[in-house]
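Please prepare a short briefing on the chain shown here, covering its overall build and a few individual positions.

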Amino acid sequence: MAAESDFLRRVEQYYSGKLRMHGATWQGVDWNSMESQHLRFEQLLKVCEPGEPFSINDYGCGYGALIDYMASRDLRFTYRGLDISEAMLEQAREIHGQRQGCEFVSAEESVATADYSVASGIFNVKLDVTRAAWESYAVNTLHKLDCWSAKGFAFNALTSYSDPERMREDLYYGDPCFFFDYCKRNFSRNVALLHDYGLYEWTMLVRK
């Protein structure tokens, strides 16, 4: 879809600019702290079976911060990161390229099925795209995550329950009830909505 490729190109420019400004840090992927970045990872990884080795696709991987988080918790995993920003992928390969069982790709055609797929923050920055068009993109992306995941997938979004005076026009605030219902009807009976971890966002876990 031409319109989608156009606005995703502008989103890519946005994040590549953040990386140039802040480097491979939580600021470089537009989070407000390392603590909140790790808290998001903690929620997303709840989709995984505890104690079991697993394979995972990280959609919108940035510079690969999830790898360090999982390694710090002694998780056993193989990893594939996908990002629309070549600058992010170059940084990720520089940091993690020597790590066994990790690879980074830019083409969706290069993504193979894994046990799990996660997407953190990829729906937040919509710039001037209409809500309807962005929501259509988000739903299409969920179908991709479903296809790439044998055991389940997880994603997050800013919440439509945010304080109105703090909401920004260039950000997307997803209705968790809409996405919960959509996931239940289209992907699995086993869906969990996490909206209780202190951030203005929610995380959805879809287990197959």
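This is a predicted model: local features need pLDDT of at least 70, side-chain atom pairs count only at pLDDT 80 or more; totals for chains, interfaces and linings use all residues.

Residues are numbered from 1 along each chain as its sequence is written, and side-chain values use heavy atoms, with hydrogens and water left out.

**Overall build**

- The chain holds six helices and eight strands, these being DSSP runs numbered from the N terminus (H or I of at least four residues for helices, E of at least two for strands).
- In sequence order the elements run α-α-β-α-β-α-β-β-α-β-β-α-β-β.
- The radius of gyration, taken over C-alpha atoms, is 16 Å, close to the 17 Å from the globule rule (2.2 Å times the number of residues to the power 0.38) for 208 residues, so the chain is as compact as a globular protein of that length.
- Along the principal axes, the C-alpha atoms fill a box of roughly 45 × 40 × 35 Å.

**Burial, contacts and surface**

- Of the 208 residues, 50% count as buried, where buried means under 20% relative accessible area, exposed means over 50% and partly exposed lies in between (1.4 Å probe, protein chains only).
- Taking contact as heavy atoms within 4.5 Å, 65% of the contacts between residues at least 6 apart in sequence join residues at least 24 apart.
- The chain exposes about 10200 Å², of which carbon and sulfur atoms supply 49%, with areas from the Shrake-Rupley method and a 1.4 Å probe.

**Helix H5**

- Helix H5 covers residues 131-147, and its 17 residues reach 25 Å from first to last C-alpha, close to the 24 Å expected at 1.5 Å a residue, a span computed as 1.5 Å times one less than the number of residues.
- The buried residues of H5 include Trp 134, Tyr 137, Val 139 and Leu 142, and among them are also the acidic Glu 135 and Asp 146.

**Loop positions**

- Gly 64, in the loop between strand E1 (54-59) and helix H3 (65-72), counts as buried at 0% relative accessibility.
- Leaving aside neighbours within four places in sequence, Gly 64 is in contact with Tyr 79, Ala 92, His 96 and Phe 104.
- Most residues other than glycine have a negative phi.
- Asp 74, in the loop between H3 and strand E2 (77-82), has a positive phi of about 55° although it is not a glycine, and is exposed, with a relative accessible area of 67%.
- Leu 127, in the loop between strand E4 (114-119) and H5, also has a positive phi, near 55°.
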